[in-house]
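Dear colleague,

I am handing over the structure below, followed by some notes on what was found in it.

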Amino acid sequence: MSVRHSQRNRLVPPDDFVELHDRAAVSARRPAVAAGGPCDNGNSAGAPSISPTPPSPNASEGLDEHPMLGGLGVVSMPPGAYETGSLPVSRRRNVFHVSVAARIRAYYEAMPEASMTRRLVPPSVGQRTSQFDKPVLRAALKLALSSGGGGMSQMDQKTYLSVLLLAEEGGRSCSRGGRRGAPRPRRAERLSTAIGGTGASRQHAGTREPVGGVGDSDGDSSDDDTGDIARAFPTKHSFVAAVREEQRRVLSKLCWDETPL
Amino acid sequence: MGMIQNAAHVSLWGEQLGMGPDGTRLRSEIMDSDLFLSEEATVRRRHGSFSFVLGVQLFVDEAVVSWSGAHYMYPIRARVVNVRDRAVQRVTVGYIPHVGKPVARTAPSRRRASDSRNAILQRCLAVLLRRFVGASQDGVPMTFPGQHQLTAVPRVVGLVADQLGERAVVCLMNNACEFFCSHCMVRRDVAGDSRGVGVASRDVTVLLDAQLEGAITRDRDPRPSLRRPLAMEHSALAFVPALGAVWGLSTDNKQLLNIISFDLLHVWKLGVVRMVAQRFPSFLHVACAGKDTRLGPVPDTLEALNLRAWEMGHLCVPSPTPPGYVFSDWVECTLRHAHGRLSRGVLLLCC
């Protein structure tokens, strides 16, 4: 069979085949050859042959020179897996005559997903500081994530932030005794006052409170005009994004992993 | 570990309660149960007197998390029984993808879907318990403020699930099986009868050995005919339960089948209605004894019941919050099965 079907004989090593237990030695010698260093041709006594298989294995001298076993084709294995010339299978911890628990553990450790677990969120995300650093913000986050058991949807979170901002504005206007029926300043203008203190907003601000920019001498800055929620989340999208980011941050701190099956 | 170190009130060792007025032993919760105390004795014998059992209860509740269809998966929750804070009950420790029914209604497609469902569950459990398994064998050093360095030895002391979840976790057949009890080898035809009293318990080692051999065989050749001996002899699936790798469940006291508990609220919520509905036609046939019911013959009555159930369907939508989210008190109780065996149960009471 090996003579008549030389190309189909699985017992004969194919062309350019290097025995698996010799591949590490070959790969170690290749850089040396490329660098012009000393190269052992493998003919020293007692050392296994590391030269490639001759191209015509059907010759009788070829059969005498190379072993008949082997030649399983291209097998991608980790380097150093065949240093002892073992069988061409992955190196696993063979457990035969031990407890059932150890055998079950070995069975599942041999599954391909055992080494494919990775972090669900990168660890760098967990190093960031939380945007929900005030009690009112933490309470808002808690309600947004636990409402109804599974938390609010993104649309509900936007609505929820609107309600919070309205409550913040309304409480302040009532407490400061604004004139009933007087036009209320737009929230966006008040926010711009808080951020930059532009003149356009100061015209309206005079209807409710003394005009004052950031860093006024009396200490009544425009930051006091906006509450914690409005200052932290000027837009609805920023609140939604902050909630999502907080979820990722917590998942990173809890070291959640993901394993593809 | 983080849960127990951050808890305000922790109980490291269980103790046996005294006798009641009728002379029987009192039990109040899991920390004074026979299972926990026997595991504690084994752990202290193996790891020394400065060791304690870190008891974990697993909750497998196949309630799909997302309703929108974006994520078809269900959670696994865990509770550390040593933590006595009422604020922390159960923590979600993993999510398992849900494998739905196959589109094609053929036996091979059903078998493939069933195999995928069982394999994914076990492989997810194996990934989830990977560190737990090592810790259950060697223990984990832990230092509490003002105390010696102790060794925490994790043990699974409870698996709370309905019967389908229980059979899936321990890789036993769900239906069309001869031995439908997870604890003993009572046959289907004598269960609930006096002939079923005193049957032998399942041998955990033999069962796991057979399942492991069956799983290896199935990996090589998925033909169902090769699994038939396993099904006939043990009513088991050709999968090996990942929980069997945890120390103490298949070694020492071999508590794999004793940790099975059930959630009475869950059973009430999901199982009672179905069981009643299945037995209602027989009840009607016997109760009417050949006569008509108030709505006419028995088939007409059943049709009227089905119509009424369909009309009331919008009111019978189960709560979006699964039982795991409610604040609850856990009361351990001892229940006696119909075939005379004792098993532990968990009673869920809503505050």
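In this predicted model, helix α3 of chain A (residues 100-109) has 8 of its 10 residues buried, so it is largely enclosed by the rest of the structure. Here buried means under 20% relative accessible area, found with a 1.4 Å probe on protein chains only, and helices are DSSP runs of H or I with at least four residues, numbered from the N terminus. Among the buried residues of α3(A) are Arg103(A), Tyr107(A) and Tyr108(A), and what covers the buried residues includes α3 and α6 of chain B.

Residues are numbered from 1 along each chain as its sequence is written, and chains are lettered from A in the order in which they are written. Local features need pLDDT of at least 70, side-chain atom pairs count only at pLDDT 80 or more, totals for chains, interfaces and linings use all residues, and side-chain values use heavy atoms, with hydrogens and water left out.

Turning to the two chains together, 33 residues of chain B are in contact (heavy atoms within 4.5 Å) with 19 residues of chain A. Arg123(B), Arg130(B) and Leu212(B) supply 28% of the area that chain B buries against chain A, more than any other three residues, where buried area is the accessible area (1.4 Å probe) that two parts lose on being put together, summed over both.

There are 3 salt bridges between chain B and chain A, a salt bridge being a side-chain nitrogen of Lys or Arg within 4 Å of a carboxyl oxygen of Asp or Glu.

With best wishes

Methods:
Buried < 20%, exposed > 50% of the residue type's maximum accessible area, 1.4 Å probe, protein only. Helix = DSSP H or I, 4+ residues; strand = E, 2+ residues; numbered from the N terminus.
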